Amino acid sequence: MSASQLFLEYMLRASKYALILLSLAIIIRCIRSMLREQYEPETWAYIRTGDGRFPVNHWENILGRAASSDVRIDRKGVSRTHAVLTRNDRGIWQVYDIFARSGVWVNGVRVGEHGLRVNDRDVINLGGVCVRFQEISPEKREKLEEKRSVPGRGVSPAVTLLELTLFQLFLLMQHAILSKQEHLPAIALGFAALAIMQWSCYNAMRVIGRSGFEVETLAFYLSTLGMSVAATSTPDDMYKQILLTLTGVILFLIGGWWLRSLHRTSTMRVPVAAAALALLAVNAVFSDVILGARNWLIIGGYSFQPSELVKVAYVYVGAATLEHLFRERNLYSFVAFSAMCVLALALIGDFGTALVFFVCFLVISFMRSGSIATVILSISGAVIAGLLAVTARPYIGKRFAIWGHVWEDIYDKGYQQVRAMSAAAAGGLFGKGAGAGWLKDIVAGNTDMVFAVICEEQGLIIALCMCLAVLTLAFFAVRSARFGRSAYYSIAACAATTMMLTQLALNVFGSLDILPFTGVTFPFVSRGGSSLLSCWMMMAFIKGADNRREASFAVRPGERIRNAPPPEEPEEEEADDA
Amino acid sequence: MKKITRRAFSVLLLAALVIVGLTTYVLRYIDHGADWALSFNRLNSGSSGELLDRNGVVLASFSADENLYASDALTRTSNYHVTGDYWGRTSTGILSTYWNKMQGFSLLTGTTRSTAATTRLYIDAGLNNTAYAALNGQKGCVLVTNYRTGELVCMVSAPAIDPADQNAVPGEGAFINRALSSVFVPGSIFKLVTAAAAIETVPNIEERRFYCEGKGNIAGVEINCSGEHYTQTFEQALANSCNVAFSKIATLVGQDNMVKYVRTFGFLDSHRLGDIPTAAGSYPLDFVGDPELGWSGIGQSTDLVNPYAMLRFVSAVGNGGVLVEPTMIQGGKPPVKSRFMEAQTADRLKQMMAYNVSYAYDGDFRFTGLKLCAKTGTAELGGDLTSHAWFVGFLDDEEHPYAFVVLVENGGGGLTVASPIAYRVLKHCMQIE
């Protein structure tokens, strides 16, 4: 071995360890900042009862006797969940009677089906128990806000982003050593474009005074791995990948901005649902069959998967504000919408995506209704539908038959799985280096078996980090629900991460023969334009639920919107803020 | 919102399932990663390799297209328990135990090699041929190691099988390496162990005289001897392989000390030849009383010895009490050396074994040209079974420092059956570079 070869060998080895250390550092820093640090809820108003003053922490609150109420009024005559108190974008408060037996009055006026406006110092009568509603002036709110923790104090997002930039640099170095020289300029441009995009986003956030950047960092981390997969498997298409990532990021920013207004967001739900169904209908009629599923529309030479856009629409439509949740007919229309989506996907033979929708449906319907019975009923229905599907489409039955026995048929039914497992194991913990694998050249290697491609080239540790990144986003969505302004954002964030987790599970475990092979994409990392766009848009939902102080660009600071002069506050009430 | 927060935990259920799935994968990877990796990466990376003996004789070679063995049938057969086969019928062969490393796989780094890999052994395939031929169809095993360097030059277990012959009918236990995986009644070779223990624990052992009139008794139980030896010294007693004397010596050593030495010499442990584990022997550990202790001191009772463990013992005696652990594969870590017994003990034992050869075995005539120190064993098995024939020892020869164990299962007398095999093998050893 010549000296220069030896040098490259050492560089390659060093870069492997560096990539692992940087991966771990990035993920751990994000976990610390998103899941470990303490954050406090917002305070929007107070409810005064005979027992004292209770803060109103959300835009949507349940008043009632139950411990699960947001403002608990533990008095005789009050129902367990009695009323919903909401605030809209413009700062207008309303109270809704949610079928409380004893009724709700505001200043003596009975609240009807469509709710009633509540103003500062109004008296709300809950079945004979009177409480006083008390607003907070913008100045006071600003003071309260200042007491909340800002993300990024303990864990600087810039440092994490710097680590990610180094990660990209080392990955590029591996490609420089191992990939074909002719592709190198395009590959270098790909990683450079990512670095530019992430720092531009970061700077834009700084300019508008936002300090939460963990969600974006994780998304860029996953996109970096996706860029590496693109570079190793389809280096001729690097420009397309760059363009798609850029479009994804732009759609993410637009989506986040769109979610700032709850009014705008929720009024557009019905049109979005209609558009989604129309898209699926067009798809069912005009689509082409690629890899077993008729899920591709080809427009002007570009193929795209409508179901990926419908995923975003599904989350958008599925989430709902709190006052909606208590009307059964709302849930029924959502069930009908879900059934149509899943049916349309089953009709075109994309059972993997249908399953992703179904799991998402379970989580959304449970979050909306809280009913385990609904979940059990849905699962039994799905099992029956699944059995029907197996009889109707024999090739799905075949996939199930080979499940757990892939090594018995390595040239046909187990072809992809055994190669994925073999390549993944060949990578060991540290991988062979970006560009050095062979699995990428197997059919669907860079999509359905992408976990194994990453295992082979980057090693098991980074492949696990990749899964951990998605898990972290999910845990963060769950944690954010506690501080959510509106149920809409909390449900949407949880639904979005559910989709990603389900895709992860089906993709990773399908290719490793732990689950039947269904052929869905790994969020951000699998090659596939439509999938990449939808993943970035999903991130907007997580940003929309990130209600930490000055964290997310998708959350509007709540004060200084109303034009009405703030009411004078009595002196006595300044004292007890706690 | 509190309700929604609580219901959001349903997402965590999904996350938990993902974590369970990933854990499953990691565990399966640890278990099967090597099999997975090697099944396709050889095809995809074109890796190939070969297994050579110390003289460059090809014992096995593999590439993406085919798996081959040595070119001639005798070499394939006599080396079968060294190489094993590609489908792992014998678990102790190199092709089973060392396959991952030959291919270049480890759990940490995955597949590490894409070019041809050569694995070279210390084994002399020709010497194995000689040993296998000398066994002449009898069940048994032969082991030879260089006691100065630890190079294992000969390991044969019979019957073996020609791995390239698809129609070969395996003989009894053809897939068991008797040298590593089996234990046998030791008989008189165990007197070496009793002697070593006596040298270190019985103060006036050299001054004592032992009287034998063809049989003796310990606490009223009769012990038979092979002959009438009358008055003997310690050294003469070993040369006579006198059961009366050595059962007495075992009682002088005492059971606690016997157990201590049997344990120290590693007869009760499973050892490792590289990555290959060996079988552990046995010795009466619970209190048995003098008569049984006497029998155990002459290698009967419940004594069972693994041939490889015996090789370690004679090898250490030959090397002045320091054991150099035998190794089969070249290019590994430097040999492990350890103090096995006191140097004086080893020297005294060596003298006694040399005396054995010249006085009892008529060495100059029988083992012409060898500076041999050895001990025979004819292990009685009871019933109608023919005894195991043992011959163990070493060459007291700086040029050819080899220790050996020869066992013929149900072969008969140690001197008549096992020692001629040892002689042929050792004569061949004299030619090893």
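1. How to read the values. Residues are numbered from 1 along each chain as its sequence is written, chains are lettered from A and ligands numbered from 1 in the order in which they are written. Because the model is predicted, local features need pLDDT of at least 70 and side-chain atom pairs count only at pLDDT 80 or more, while totals for chains, interfaces and linings use all residues; side-chain values use heavy atoms, leaving out hydrogens and water.

2. Cysteines. How many disulfides are there over all chains? The count is 0, where a disulfide is a pair of cysteine sulfur atoms within 2.5 Å. Take A:Cys465: the closest cysteine sulfur, in A:Cys467, is 9.3 Å from its own sulfur, too far for a bond. B:Cys212 is in no disulfide either, with the sulfur of B:Cys242, the nearest one, 3.8 Å away.

3. Buried or exposed? A:Cys465 is buried, at a relative accessible area of 3%, and B:Cys212 is buried too, at 0%. Buried means under 20% relative accessible area, exposed over 50%, and partly exposed in between (1.4 Å probe, protein chains only).

4. Helix α9 of chain B. Among the buried ones are B:Lys191, B:Leu192 and B:Val193. Helices (H or I, at least four residues) and strands (E, at least two) are DSSP runs, numbered from the N terminus.

5. Two domains in chain B. Domain 1 spans 49-121 and domain 2 spans 128-429; such bounds come from an automatic or database domain assignment. Their centres, taken over C-alpha atoms, lie 31 Å apart.

6. Where the domains meet. In chain B, 24 residues of domain 1 are in contact with 24 residues of domain 2, contact meaning heavy atoms within 4.5 Å. About 2,300 Å² is buried between them, with carbon and sulfur atoms giving 59%. Buried area is the accessible area (1.4 Å probe) that two parts lose on being put together, summed over both. B:Ser78, B:His81 and B:Thr92 supply 26% of the area that domain 1 buries against domain 2, more than any other three residues.

7. Salt bridges. The rule finds 2 salt bridges across this interface of domain 1 and domain 2 of chain B, each being a side-chain nitrogen of Lys or Arg within 4 Å of a carboxyl oxygen of Asp or Glu. Elsewhere in these notes' list, B:Asp162 forms a salt bridge with B:Arg76, with the closest N and O atoms 2.7 Å apart.
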